Amino acid sequence: MLTSVDTDLIRVLADPLRLRIVTLLARETLCTTHLVEETGAKQTNLSNHLKVLREAGVVETEPCGRFTYYKLRADVIASLAGQFAEIAESARTAAGNKRSCP
């Protein structure tokens, strides 16, 4: 059964900087300072993007002294990937289907 894709999550990940942050966090848990160094983004801009990712449930925070570390929630990304895999499988199955024009 084909489910709908989480369009809100796609919008969140469609931003190039947010996608870069997600890619970096897929490799390791990082603090804001690390993300500023890696992306070259201004700290305030980066914090705004991290807030969007947090609110969407894509990342979670881990306080560590005066720093906040960010960790990617792999289950959220895996769920989205599963939704796209389902669409791809449906397309493979329906490849020979063609609706007649009236």
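**View 1. H49 is a buried residue, with a relative accessible area of 12%.** This close-up comes from a predicted model. To find H49, look in helix α4, which covers residues 43–55. Now follow its side chain: the side chain of H49 makes a polar contact with the side chain of R18, at 3.0 Å. What else does H49 touch, leaving aside residues up to four places away in sequence? Besides R18, the list holds D15, L17 and I21.

**View 2. Helix α1 and helix α2 pack at an angle of about 90 degrees.** Here you can trace α1 through residues 7–14 and α2 through residues 16–27, with their axes 5 Å apart. Their angle makes α1 roughly perpendicular to α2. Which residues make the contact? From α1 come R11, V12, L13 and A14, while α2 brings P16, R18, L19 and V22. Sorted by type, the residues of this contact are six nonpolar and two charged, with no polar ones.

**View 3. A94 lies in the segment after helix α5.** Helix α5 itself spans 74–93. Is A94 buried, partly exposed or exposed? With 30% relative accessibility, A94 counts as partly exposed.

Terms used: Residues are numbered from 1 along each chain as its sequence is written. This is a predicted model: local features need pLDDT of at least 70, side-chain atom pairs count only at pLDDT 80 or more; totals for chains, interfaces and linings use all residues. Side-chain values use heavy atoms; hydrogens and water are left out. Helices (H or I, at least four residues) and strands (E, at least two) are DSSP runs, numbered from the N terminus. Buried means under 20% relative accessible area, exposed over 50%, partly exposed in between (1.4 Å probe, protein chains only). A polar contact is a pair of N or O atoms within 3.5 Å; within protein, one must be able to donate a hydrogen and the other to accept it, and residues adjacent in sequence count only if both atoms are side-chain atoms. Contact means heavy atoms within 4.5 Å. Axes are lines fitted to C-alpha atoms, for helices over the stretch in contact, and angles run from 0 to 180 degrees between N-to-C directions. Angles under 35 degrees count as roughly parallel, over 145 as roughly antiparallel, 65 to 115 as roughly perpendicular and the rest as oblique. Ala, Val, Leu, Ile, Met, Phe, Trp, Tyr, Cys and Pro count as nonpolar, Asp, Glu, Lys and Arg as charged, and the others, Gly among them, as polar.
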